[in-house]
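This briefing is for a reader who has not seen this structure before. Please look over the sequence and the model before reading on.

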Amino acid sequence: MIFFRRYSQIISLSLFLFLLAGAVVSDTLAEPDFFLRLDPVLAAVTVVCGRFFIWAFAPALVVILLCPIAGRLFCGYVCPMGTTLDGGERLFGSPPKKYLRSENLVNLKYLILAFLLGASLFGLSLVFAVSPLSLITRFYGLIIYPVISFFADSILGIIRPAADYFDMRSLMYAQIRTPRFATQLFILIFFVILFALIRFCPRFWCRYLCPSGAMLALFSKKPLIRRRVSGDCINCGKCIRSCPMSAIPQDIPDLTRHGECIACRTCENVCPVDAVAFLGEKGYRKNKKSDSESHRDTQREKIGRAGPDHSPHKGKIPETPFSRRDFLRAGLLGAGTSVVSLTGLNTPHDKAGEGQVAPPWLLRPPGALPEKSFLARCVRCGECMAVCPGNTLQPIWLAAGFTGMFSPVLTPRRGACDPKCNRCGDVCPTNAILSLPKNDRIWAKTGTAVIFREKCLAWEFQKSCMVCDEVCPFDAIDFKREPGNPFAVPHVVEDKCAGCGYCEHFCPVQNQAAIMISPMGALRLSRGSYEEEGKRQGLRLSLKSKKGTYGTPSESEYPEGAAPGFDEAPGFDNAPGFDNAPGFDNAPGFDNAPGFDNAPGFDNAPGFDADVKD
Amino acid sequence: MRTDMNRREFLRYQMNGALWLTAAASGLMLPGKTLAEGIPDIGVAKGKPTIATRAAVELLGGMKTVVKPGNKVLIKPNMSFDTPPERASNTHPEVVRELAVMCKEAGASRVMILDHPLRDATRCLKASGILEACKSVDEQMVHMITDASLYQETKIPNAVTLTTTDIMKDALRADVLIAVPVAKSHSGAGVSLSMKGMMGLIYDRRTMHLKSLHSGIADLSSILRADLAVIDATRVLSTGGPGGPGKMIRGDTVIASKDMVAADAYTISSFEWYGKKFKPSQVRHIREAHERGLGRMDVENLNVKTVSV
């Protein structure tokens with residue numbers, strides 16, 4: 001039966017990885033975030049913090065409802081974190097025989113759960129630090145995935161010459177882009193510690209720390225399918241020593257802390273007298289009672305111990321060192337932490353207004369909820385960042401304060417945010433980033449481009465650079481002539497700019513670009529249509545998708561001297577200096593947008609528009 | 001590149017010929033028309049994309065004069081925008097396909113169609129129609145190259161601004177390089193034709209803007225000299241380039257030349273840009289290339305043959 005558990009674990013982890021990898025390479029997979037939605041604590045805290053319920057959390061509910069029937073099957077058979085830690089145990093070696101084991105620590109996880117729930121009452125979501133599925137998704141998505149890509153890319157580099165020789169083009173031109181992520185160090189340190197703890201005690205995390213396990217334990221006090229010990233028990237203590245979960249109290253092998261038991265059935269397997277059974281009466285060997293009795297007696301003689309009947313604790317599990325009061329205290333501590341963090345400088349206000357301090361270039365992904373709800377719902381699983389094809393979504397560490405740890409931000413310098421892509425919203429397990437309807441996507445404005453003229457190649461260095469315009473998918477950059485500059489210079493058309501960051505990404509200026517996306521004007525809606533809201537605000541967002549037209553441009557469009565990139569002075573015999581042909585662009589009307597002509601007398605009245613005829 | 005002369009020899013030959021080039025630039029020597037009347041410097045064919053492409057190359061003596069049996073050919077179209085052929089920011093797929101077919105007919109061992117896009121590669125391949133069009137010739141001939149390891153750092157001898165750049169390894173190894181740009185305006189370079197198109201064969205084109213775009217293009221054309229330039233002017237994006245949308249002109253023309261500069265120059269003088277006529281010399285990278293002897297922009301002195309098909 002132990003094999004069944006191994007198979008189940010491997011299949012489950014494979015499915016988890018398949019969904020994650022599948023979501024990375026393609027957008028056709030349904031429910032890539034399924035495993036995250038199985039996590040009971042992730043679901044519970046998000047529901048409490050976000051003050052909402054979505055049926056997306058139904059899987060977690062099923063996991064909880066299964067507990068009264070079969071106990072913590074999830075932990076033993078499904079959870080990718082548990083499997084990974086079990087795998088780690090195999091990889092890094094089992095702990096020594098006499099490992100660190102403290103039954104006192106078992107209840108630590110309940111305190112963590114109480115703390116977490118206490119904190120979420122005031123809307124502070126700390127699941128990112130302790131939810132097993134959030135942690136493990138982040139681990140595989142942001143650490144393992146880049147490492148695998150790196151190796152795959154290196155291997156491709158090695159086999160490419162051979163592929164070239166045999167003319168295997170699909171291999172020759174296969175290209176793997178290795179994603180890069182911030183905060184790796186912190187994720188890595190966390191997992192190194194978790195793996196190191198296995199050396200001291202198997203499933204240290206699951207035993208002592210995991211709040212999801214704690215939550216399931218609350219519902220598994222006496223499940224229908226549970227560990228039962230028959231009178232055959234010889235009190236040898238093998239089961240106690242081999243239990244990965246401290247589910248069997250010291251010296252009382254016939255009792256079980258069902259809440260701690262993950263039904264791994266290791267005890268059933270190691271029992272020398274087959275006294276342990278999980279499924280009904282099957283394992284008791286009732287039919288062969290005489291056999292087993294004699295067997296039992298020989299075994300008892302061997303170890304020189306009496307049966308459990310002689311145990312002084314008969315029928316009673318010793319008290320744990322944490323009292324109900326301790327849990328209350330932990331809950332209050334959580335609530336307190338939450339209140340303190342809510343008074344932190346960086347914590348987002350309910351309404352954006354006066355005195356909100358936020359990092360100047362903090363850009364949230366398109367379709368992210370208003371900041372406060374966003375942080376309440378975001379579980380920092382890293383799924384959005386792993387699947388982001390532009391690699392622009394990056395986790396931040398403390399840049400946005402304690403409450404913003406590991407939350408995703410756009411990093412246009414690293415990659416642009418494709419206006420046709422909504423992968424982050426598609427995979428978000430908690431709808432902190434919305435999966436937008438097709439028409440809405442381009443209206444999910446993430447910010448507005450700002451030009452730093454003093455760094456700009458065209459403005460400051462008078463070079464022929466128009467990269468921002470070339471790459472802009474929205475036609476939000478206008479190039480205009482400036483007196484004294486041989487080349488046209490860029491201007492941002494704010495209401496056409498969606499903040500996608502193509503300009504910032506491709507700007508040739510080193511390090512900090514000369515055009516950057518500021519969160520200015522970002523649309524963050526919790527409900528309603530982005531398109532409607534955008535139009536209501538007068539935005540003119542549209543991809544450069546309209547067809548070109550045949551014909552010659554009107555004179556006003558390209559007045560004398562305004563053909564960009566062409567030199568004015570004809571003939572190649574001209575002496576150097578012809579680039580500065582004087583008088584080059586001040587054709588009347590060129591700088592004046594239609595409709596903005598100044599009516600005499602009105603142009604100096606501050607706050608008044610020029611007189612525009614209907 | 002040419003089978004009788006490898007790229008290095010060819011470059012050396014070009015450098016040694018600096019004197020000749022100066023003479024040509026100053027207009028003392030006008031050898032174009034004195035050469036054999038049969039083979040023009042520029043072949044111009046008016047008609048539908050596929051037949052015009054073939055006709056234009058035939059005017060130059062056919063593809064067999066460029067591609068020898070067993071040659072590896074690299075075709076460089078414009079396909080780095082995720083826009084359909086009607087927008088004229090990418091080369092017409094039929095023009096590209098016909099060239100690929102002709103290379104195969106001439107006995108090329110491998111024909112690759114490569115570019116380095118600014119946008120999502122898959123979407124560019126799909127929208128441009130080039131991947132689909134060329135599937136009938138060879139399933140595996142069209143690729144986008146974005147991985148840095150597929151580029152090789154290369155020194156550009158005698159460069160003015162772009163002294164070193166990472167060039168696509170396939171371009172360095174190809175026996176024959178064919179440029180097949182769409183004729184379009186470019187708000188930084190004036191026009192984006194065969195010379196400007198070579199920027200799709202390098203890894204980091206940002207540096208070129210950082211230094212000097214025009215002389216960088218000329219530098220690049222000195223090392224990435226196409227053996228054949230075929231300019232798709234079936235429709236000309238006369239404003240709003242390189243990405244468009246802009247005003248287009250129905251050109252119904254394909255212009256071919258073994259001299260990139262001449263092909264570009266002829267294209268500039270043949271169409272209106274931003275509603276006006278320009279001389280090739282008004283585009284600085286063309287002028288620089290001419291002055292450096294990379295080719296000739298004095299199209300009025302060249303032998304141009306035009307056919308309608």
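How many of the 14 residues of α6(A) are buried? The count is 13 of the 14, so α6(A) is largely enclosed by the rest of the structure. A residue is called buried if 20 or more other C-beta atoms, placed from the backbone, lie within 10 Å of its own, exposed if 12 or fewer do, and partly exposed in between.

This is a predicted model, in which local features need pLDDT of at least 70 and side-chain atom pairs count only at pLDDT 80 or more, while totals for chains, interfaces and linings use all residues. Residues are numbered from 1 along each chain as its sequence is written, and chains are lettered from A and ligands numbered from 1 in the order in which they are written.

**Chain A overall**
- Chain A has 22 helices and 9 strands; helices (H or I, at least four residues) and strands (E, at least two) are DSSP runs, numbered from the N terminus.
- Of its 614 residues, 46% count as buried.
- Among contacts in chain A with a separation of 6 or more, 74% are between residues 24 or more positions apart; a contact means that two C-beta atoms, placed from the backbone, lie within 7 Å.

**Confidence in chain A**
- The average pLDDT of chain A is 83, and 82% of the residues score at least 70; pLDDT is the predictor's confidence in each residue, from 0 to 100.
- Residues 307-313 of chain A have a pLDDT below 50, and this stretch has 14 contacts in the model beyond near neighbours in sequence.
- Residues 570-604 of chain A also have a pLDDT below 50, with 39 contacts beyond near neighbours in sequence.

- From its first C-alpha to its last, α6(A) reaches 20 Å, close to the 20 Å expected, where the expected span is 1.5 Å times one less than the number of residues.
- Just after α6(A), A:G123 takes a positive phi of about 90°.
- The largest nonpolar core has 260 residues, of which A:L116, B:A56, B:I75, B:I178, B:V230 and B:A256 touch the most other members; such a core is a set of buried Ala, Val, Leu, Ile, Met, Phe, Trp, Tyr and Cys residues joined through C-beta atoms within 7 Å.
- Helix α6 (residues 108-121) of chain A gives the largest share of this core, 10 residues.
- Beyond its neighbours within four places in sequence, B:I75 is in contact with residues including B:V96, B:I178 and B:V180.

**Where chains A and B meet**
- In chain A, 37 residues are in contact with 49 residues of chain B.
- On the side of chain A that touches chain B, α20(A) gives the most, with 4 residues.
- Strand β9(A) runs parallel to β11 (residues 247-257) of chain B, joined by 2 bridges; strands pair if DSSP finds at least two bridges between them.
- In this pairing A:Y550 stands opposite B:M248.

**Strand β8(B)**
- In β8 (residues 182-186) of chain B, 5 of the 5 residues are buried, so this strand is largely enclosed by the rest of the structure.
- On one side lie B:V182, B:K184 and B:H186, and on the other B:A183 and B:S185.
- Strand β8(B) runs parallel to β10(B), with 2 bridges, and B:V182 has B:D232 as its bridge partner there.
- Strand β8(B) runs antiparallel to β9(B), with 3 bridges, and B:S185 stands opposite B:V191.
- The strands β8(B) and β9(B) form a hairpin with 3 residues between them.
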